[in-house]
Amino acid sequence: MKSAFIYSEVFSQYDFGPLHPFKTARAKIVNELCHRYNLLDRPWIEIIKPGPLCMEKLSLFHNEEYMRLLENASSGTFDFAMLGCGLGTDENPVFEGLYSMITLSAGATYLGTELLIRQGFTVAFNVFGGFHHAGRSHAEGFCYINDAGIAISHLLQEGFRVAYIDLDAHHGNGIQDAFFNDNRVLKISLHESGKTLYPWSGYETEIGEGVGKGYNVNIPLPQGTDDETYLYAFSHVVPPLIKAFSPDIIIGVFGADTHHTDPLTHLNMSNYSLREAVKSIRDLSPKLLALGGGGYNLYTSARTWSLLWAVMNNIEPEDTFAGLVGGMMFGPELESGSLEDAPLHTTGAEKELAQKEVERVVGYIKKTVFPLLGA
Ligand SMILES: [Zn+2]
């Protein structure tokens with residue numbers, strides 16, 4: 001086993017502004033927690049510094065004209081065409097250093113693919129990636145460049161079979177839209193239902209088109225879905241489809257915004273679900289490229305990503321600060337005392353409704369998608 005923790009301290013120097021939910025400090029805090037819990041100092045782990053991605057490689061997924069608009073926006077030149085591409089809104093503000101930030105993030109994800117296909121790595125993790133809402137020529141949902149889309153395009157070009165598993169609380173619409181007609185990449189997204197959450201898409205009936213029919217799988221989750229219901233959906237759908245498709249590489253977007261404390265979403269899960277799901281994905285992956293995705297409760301998300309890094313490497317987090325008293329406690333420990341939450345199993349009417357709805361969706365996927373993939 002050889003695994004890469006892709007990290008640059010530069011990630012956390014950018015700033016979306018004080019009122020924006022996306023906090024770049026995530027990278028720095030995950031790095032600190034991984035050191036603190038002794039999750040990096042292992043013989044098979046390398047910490048690798050990324051560089052920015054060049055225009056030629058960005059164009060694997062993006063329209064060049066759009067990339068130039070982004071570059072100009074970042075240097076302070078205003079152009080009305082920017083508004084048409086979703087730039088300069090509250091959601092996708094234009095700020096100093098924007099272009100360097102997004103090309104560095106894309107560079108980190110691209111580097112992950114290269115480490116997997118050329119350097120013998122089996123796991124690569126970029127916590128500052130997974131910007132799955134960006135389109136080929138527009139920004140939306142805090143995403144300017146779709147690093148996962150670039151990674152998929154790159155791997156397809158190199159002839160690999162790719163499975164994309166999106167666990168972020170929001171539907172991975174940018175990836176679905178770009179590869180809807182493609183049977184070389186299996187796309188599976190588990191997310192809060194579009195009835196209650198942006199991007200208002202990702203229904204189970206969106207199963208792909210043309211040769212891509214059956215290669216796009218959505219599991220919309222009702223508000224209040226807990227760990228038990230989530231893992232019911234995951235275990236019934238993901239392992240059988242991945243086994244049937246048999247990918248060379250899995251790309252995972254492990255958004256921490258499914259957590260019940262996340263300010264933007266309405267699920268009722270702890271990080272136990274993600275831990276179990278990622279354990280299963282790790283065991284199903286010949287090679288795994290993991291991306292952070294969303295997560296807007298800063299400390300809880302950082303704690304979750306650190307836990308997932310431990311899971312990907314099959315190691316138990318150990319608190320190297322344990323025993324020290326006074327003044328050493330910060331963020332995550334105040335709420336939990338460890339990286340990991342206890343499973344959240346709820347009861348009552350909301351839970352019963354959610355479970356029933358998820359059983360219906362799973363039944364639909366088994367009936368319509370499974371036969372198309374021979375699962
Ligand atoms: Zn999200």
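Which residue follows α1, with a positive phi? Select N38: this residue comes after α1, and its phi is near 55 degrees.

This is a predicted model, where local features need pLDDT of at least 70, side-chain atom pairs count only at pLDDT 80 or more, and totals for chains, interfaces and linings use all residues. Residues are numbered from 1 along each chain as its sequence is written.

**Stop one: α1.** Select residues 25-36, the twelve residues of helix α1. Helices here are DSSP runs of H or I, at least four residues, numbered from the N terminus. From first C-alpha to last, α1 reaches 16 Å, close to the 16 Å expected at 1.5 Å a residue. That expected span is 1.5 Å times one less than the number of residues. Now colour the buried residues of α1, among them I29, V30 and L33. Buried means that 20 or more other C-beta atoms, placed from the backbone, lie within 10 Å of the residue's own.

**Stop two: α1 and α10.** Axes are lines fitted to C-alpha atoms over the stretch in contact, and angles run from 0 to 180 degrees between N-to-C directions. Show the contact: residues including A25 and C34 of α1 meet residues including W305 and W309 of α10. Contact means C-beta atoms, placed from the backbone, within 7 Å.

**Stop three: α5 and α6.** Select helix α5, residues 98-118, and helix α6, residues 147-157. Their axes come within 9 Å and cross at roughly 30 degrees. In α5, S105 and Y110 are among the contact residues; in α6, H154 and L155 are among them.

Terms used. Helices (H or I, at least four residues) and strands (E, at least two) are DSSP runs, numbered from the N terminus. A residue is buried if 20 or more other C-beta atoms lie within 10 Å of its own, exposed if 12 or fewer, and partly exposed in between; C-beta atoms are placed from the backbone. Two residues are in contact if their C-beta atoms, placed from the backbone, lie within 7 Å.
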